Amino acid sequence: VDDVTSGVSRDETTAERSLDTRGVPLEELATDADVRRMVTRILDNMEEPSRVRVASFQSNV
Amino acid sequence: MAAPISQYVLKVHGWCNLACDHCYVYEHADQSWRAKPRIISPKIAAMAAKRISEHAAAHRLKDVCVVLHGGEPLLLGKTRMRALLDALISGVGPVADIDLRIQSNGILLDEEWCDLFREYRLRVGVSLDGDKTANDLHRKFVDGRSSYSQVVAGLTLLRRPEYRHTYAGILCTIDLANDPVTVYQALAAQEPPNLDLLLPHATWEHPPYRPIGQEHPYADWLMQFYWCWDRDGRRIPIRIFNSMLSAARGGVSFTEALGTDPADLLVIDTNGDWEQADSMKTAFDGAAATGMNVFDNSVDEVCAHPAIAVRQGGVEVLSAICRACPVVNVCGGGLYAHRFRPDPHTRRRSNTGSIGSAEFNHPSVYCTDLKALIIAALAAERGRTMPITARTPADRTSGKRETRPIHTLPAESFESLTTGPGDVASVDVLASMRLSEARSLVAMVAASEAGWRDMNLRAAAAEGWTLLRALSRDHPREVDEVLAHPYVYAWAVRCLRPPPHADIDLDRAHLAGVAAAAAFHAGISAELSLPIRGRYVHLPTVGAIVSDPSQGGRTQIIRIMPGQQRPVARGSRWRSARYLCGPPFRRLVVEDLDPFRDCQGWPASGRLSSPEWRRWRRDLTAAEQRLVDKVPGYARALAAGLRAVVPLRSVTDTRRSATARQAFGAVAIARLDGRAQDSELSELLLHEFQHVKLNVLLDMHVLFHPECGIRFHVPWRADPRPVEGVLHGIYAFLALTHLRRAEGPAAHATYLVYRSWVFRMTDELLRTRNVLTSIGERFVNGMAVAAESEVT
């Protein structure tokens, strides 16, 4: 079917790719292609259906 | 009994505004489109929704996916599309969650369409075959004009921050005439969240083009693409490759073109006919038909059709050649339509389609390519080493390696976290990673120039960005103090992936508040316009100004002076952020002001009254002291990483707490008035902070196979939980096991219960195949061992 939308897979290596941006001037980050890619990955990962967005707890007492 | 169907392709418009010469709908064997209505009628749409809904209810499906399709579905027009979506949502929504998708050629995409997608939470996939040269080979208008620039304009729109979450991905049909490297670069430049590559539809009767002397040219083409993808860090999920790798591990395939999973898809045409997958149209005229329609036949009846049933039989129903093949579990015989070899003695009835006859009992016409591709890709996987630094395409061209460091979790920190509390150094690593991400997210919010409507708010954001950039050079510590605030991260995520109905300009202008807060901490003079949200002008981590309504407008000028206790603004009052600063906390804010704090599922309370604030301060201090006394290791980790507690609205006789992934260092808790708060609060703090740590750990390491769809029954909740939910629960109850153990005989019974839960679920995860990765097994094993141990 012409649908690219079902089944999203996180590659194991993506978890290894969080750039350390501490100490880097913010304007440099705003134009950095690697940083842009990392941000896209973070946002996509945030919407990844196999992940839990909010862990919540409730019990009656 | 046939497996239930959870995916439906709904043909909403039968015609197309392009005339692509490789289209299976119009250019291949099946010509049934000529006799069908152009537009789906409201009556058919409503009946389709009813059939989907009754099937979901009968089979207790929690989710169904409906892909709107054509022809070109956007030709339906916005008014009809709204009516159709309303019918689907009202028909299916009460029974199951409906995941709405649309597959478009992208020509008609505009802001109005994208706003409609946002409103209905509909995600759009776009067809594009590569760069202009590649795309122009087939995807043209009827007069031969190129469609490329219009499609790319549509994709540019989808990449805008306010629409990005509606962008589902790109679908590319490969052509050997195109260079795979160029195609990869062109597609990657469109930043799709997902990508799939389709082999051109072909059968044994009409085999694909193969250059003379090349045994498996499609495999060779795809492997070149694979290496481009791999060298580029695999930053885009590519369905054909991920399906191969998943199926090779024994997991599911994400495409019917690979794997042996039962077919889980039906098509409803514009005339209400139930059909098989569209790709069947390449086999012969009428091949996709079932002879059934939504008015007369239920989904269960369609599933019993021999042509559907035969595709749910796994390996057993494949040809003898396929069954003997070593990669059959990965390729699954290839796409069903590609197996078609006509038999001159077979009589077909065009209105009921194929009935799974011997004509499909063959290997795929792409058999040699699929086999070569799978063998090459799996060999590459086995030989692959994890990259240790990030590289850019430019670096690869020049042969240089990027030197920007990457956050890694030392092995001893990982082991420390598996035992429950983690040490202070481990928590600091997690916090550092989140700070790096927050800095990057904020920079990208500032860089997203497109789509402003309110120029005053835009000016406020621009002014704030100028100040923040300067401060990041001269006062980096103060800037990081603000950027590390949990709800700055949450704010930036919201700006870049705005929810429906968000006031995007107002949200983005909060950048000025972030800058003002950093200036306040740095103790410098500054005067700037800040956005007014409700009654407040917010400076995260500092407080909020109650704005003067008589001034009007959406911004207010505030002034920061060195040495002053608060920012000043004309005719306004001030609300300070409320901190617990002394030991055992490093610095903890009871966050009852930040406008982005309400993201934990339960509603956050409003500003606390003074007596309420005093009670929170007293009880949190007592709760933390209790943790220091009973489980000091956990208390040290908590003090190192907990930055904010958000009071939730109280609910009588119900304990509530929550943690959001986009708010590292924050927990949200509902206070139970009139009860012993130190005991309640210490338990909830401990419980939630486990989630805080695990959220980051799960981003740093892949602990479970994401394609694993198994849900587990857990002892602490009634509803079956996905793998990540189970991990979160175990980790939280591991901490409570340790707390109860430390509380001695009075808590012994609860200790035994919690410990048994940890044992039971760690054992179940470890025993179930294809759930945990190797590092996930280490983590779960570590928790099982830790449940036996005391912690200090």
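In chain B, 9 strands build an open sheet with mixed pairing, ordered E6-E5-E4-E3-E2-E1-E7-E8-E9. Strands here are DSSP runs of at least two residues (E), helices are runs of at least four (H or I), and both are numbered from the N terminus; two strands pair if DSSP finds at least two bridges between them. Please keep in mind that this is a predicted model, where local features need pLDDT of at least 70 and side-chain atom pairs count only at pLDDT 80 or more, while totals for chains, interfaces and linings use all residues. Residues are numbered from 1 along each chain as its sequence is written, chains are lettered from A and ligands numbered from 1 in the order in which they are written, and side-chain values use heavy atoms, leaving out hydrogens and water.

**The sheet in chain B**

- Strands E6 (195-198) and E9 (289-293) of chain B stand at the edges with a single partner strand each, so one side of each has no neighbour in the sheet.
- On average, neighbouring strands of this sheet are turned by 25° against each other, direction ignored.
- E1 (residues 7-11) and E2 (residues 63-69) of chain B run parallel and are joined by 5 bridges; Leu10(B) stands opposite Leu68(B) in E2(B).

**Helices on the sheet**

- Helix H2 (residues 78-92) of chain B packs on the sheet and touches E1, E2, E3 (97-104) and E4 (122-127) of chain B, contact meaning heavy atoms within 4.5 Å.
- The direction of H2(B) makes about 150° with that of E3(B); axes are lines fitted to C-alpha atoms, for helices over the stretch in contact, and angles run from 0 to 180 degrees between N-to-C directions.
- Helix H5 (residues 148-159) of chain B lies across E4 and E5 (167-173) of chain B, at about 150° to E4(B).

**Aromatic rings**

- Over all chains, the structure holds 19 aromatic pairs (Phe, Tyr and six-membered Trp rings with centres within 6.5 Å; planes under 30 degrees apart are stacked, over 60 edge-to-face, the rest tilted).
- Tyr184(B) and Phe225(B) form an edge-to-face pair, 5.3 Å centre to centre with 80° between the planes.
- Tyr184(B) lies in helix H6 (residues 180-188) of chain B and Phe225(B) in helix H7 (residues 217-231) of chain B, so the pair ties together parts 41 residues apart in sequence.
- One aromatic cluster is formed by Tyr226(B), Trp227(B), Trp229(B) and Phe241(B).

**Chain A**

- Chain A has 2 helices and 1 strand, in the pattern α-α-β along the sequence.
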